[in-house]
Each structure stands twice: as C-alpha cells, then as structure tokens.
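Reader: I'd like a close look at a single part of this model. Please take the open sheet and walk me through what surrounds it.

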Amino acid sequence: MSMFQQIAKAATMGAIAVLLTAPVAVAEQGGRYWVPKTSTGPYWRPSAANPAQYSEPTITTPAPYSGPITTTPAPYSGSIKTNRARHGRWLVRNSTKRFATTQVRKRSPLAAMARAVPVSKTHRLILQVNTNDPAAMNLTLNNATNVTQHYKELGEKVKIEVVTFGPGLHMLRDDTSPVKARIEQMALSTPEVSFKACGNTQEKMHQAEHKDIPIVSQAQVVKSGVARVMELQETGWTYVKP
C-alpha cells in the first residue's frame, strides 16, 4: 500500500470516529445516552451520572365495570330564566315564587285601534199599528224618525219595521191612509224604515167591501202581520207598540 493510500485511510477513520463520538458526548452532557429503538424498551435510558432524569412509565389497569353511574342533582337554590320564544313568554322560577309568567305581545297600532273601538251592531226595532187612529199612526212615524236620527248621530246602524194588521191596515191603504204623504216622504229620506201590511187583513177587507184593497207602493204585503212580529222578535228584534 502506498503512502498516499495510508494517509487517505487514516483520514477516513478519523472522520468516522468524530461522527460517532459527537452524539455520545452530547448525550452524556444531559446525563443519558442514546440507544437504538427496540420494541420492549424506551428510546432513552438513564446514565450513571444522572439517574433521576428518567422514571419508568406508569401502567394503569382500569377497574372492572360495575354498572351505570347515576348522579343525583343538587337541590335548586337559585333562579332560572327560560326563554320560550315560541309562545312569546318568559318563564321565571325562584325560591320564593314558584312560577311567574309575563306575556309580551307586540301589537300594531291598527290592531290596537281595532280592539279599542267596539264593534258596532245593527239595532232593530218593530213598531206595531193595529188601530185606525191617525194620531197613533203619526206617533208611530214620529218614533221611527226619532230613533233613526238618534243612531245616525251615534254613527250606529238601525233598522225599523212598521207592521200593520187589523184596523191598523188603513195606515198603508192607498185609498184611505191619513199619513200617505208622510210615508212617501220617509221612503225617500229614511230608507232605514220599512212597512209591512198584513195579507190576512187585506183579504178580510176585500171580502167585506167587495173590492180590491190597494196598498201603498212603499209597503210590502206579508201573509200575517202578527206572525211577522213574532218572527222578528224570535231573531232578536225589539218590539214596541206606540
């Protein structure tokens, strides 16, 4: 072997020695040295210089299963506030008051006004005439006019029906009515007032007088004046005999 080859071999061996001693020196400064990983031991083991650097791992064996664990909640000692957004309410519970509910509702101004203003109903009145007396007939028309005017001033609706039968049919006879002109005028100015003539009375007068009994055009003939009064009362109408 030539001298050149011997020098190269010595240099190579020196470099390998440096590479091997450097990790060992560093590990010894920390009190441990490194060994290759195995399947049964740790990566690091204590050195003689500092054995406290390492302790064996602790293996914990779980206790055998003994059934489900149940926990009893502690007694309630505070207040609970639950937001029940679905119903728009707050449910509050505390130690002194079991339950207290506050209902919060937001209403539009239009809905508030609708609740503040009562719903107006229609007033309904029956006026009966069964006598051939001009004073009673005029009193009936006066009552109808006054009631209609009263509810107009209140902004409320009213319906009035004048029902005639027996001798009172003369009020609505076109040939004998003493208030025919007033009836014609009221039909134009006060449409809330209507007039009904008894058909049974009309037929009896026809048989007694042997002629047709004409009825004013503003009135309507019903089969029975008395039955008409009864039917209206049964549906909530108010009955008045002037």
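Author: In this predicted model, five strands form an open sheet: 5 strands in the order β9-β8-β7-β6-β10, with parallel pairing. Strands of a sheet pair through backbone hydrogen bonds, either parallel or antiparallel. Now the edges. β9 (219-222) and β10 (238-240) each have a single partner strand, so one side of each lacks a neighbour in the sheet.

Strand β6 covers residues 122-129, and strand β7 covers residues 157-164. The two run parallel, joined by 8 bridges. One of the residues to look at is Leu127, whose bridge partner in β7 is Val162.

Next, a helix on the sheet. Helix α6 (residues 225-234) packs there and touches β6, β7, β8 (193-198), β9 and β10. The direction of α6 makes about 155° with that of β7. An angle over 145 degrees counts as roughly antiparallel.

His210 has a positive phi of about 55°, although it is not a glycine. Most residues other than glycine have a negative phi. His210 has 71% relative accessibility. The cut-off for exposed is over 50%, so His210 counts as exposed.

Helix α3 spans residues 134-154, and helix α4 spans residues 180-189. They pack at an angle of about 15°, with their axes 11 Å apart. Angles under 35 degrees count as roughly parallel, and α3 and α4 are therefore roughly parallel to each other. The crossing of α3 past α4 is left-handed. From α3, the contact uses Asn138, Leu141, Asn142, Ala144, Thr145 and Lys152. From α4, it uses Arg182, Ile183, Met186 and Ser189. By class, this contact has 4 nonpolar, 4 polar and 2 charged residues.

Last, the chain as a whole. It has 6 helices and 10 strands. Of its 242 residues, 22% count as buried. Take the contacts in the chain with a separation of 6 or more: residues 24 or more positions apart account for 61% of them.

Terms used
Residues numbered from 1 in each chain as written. Predicted model: local features only at pLDDT ≥ 70, side-chain atom pairs only at ≥ 80, totals over all residues. Heavy atoms only, no water. Pairing = 2+ DSSP bridges. Helix = DSSP H or I, 4+ residues; strand = E, 2+ residues; numbered from the N terminus. Contact = heavy atoms within 4.5 Å. Axes fitted to C-alpha atoms, helices over the stretch in contact; angles between N-to-C directions. Buried < 20%, exposed > 50% of the residue type's maximum accessible area, 1.4 Å probe, protein only. Parallel < 35°, antiparallel > 145°, perpendicular 65-115°, else oblique. Left-handed = near helix turned anticlockwise from the far one by under 90°. Nonpolar A, V, L, I, M, F, W, Y, C, P; charged D, E, K, R; others polar.
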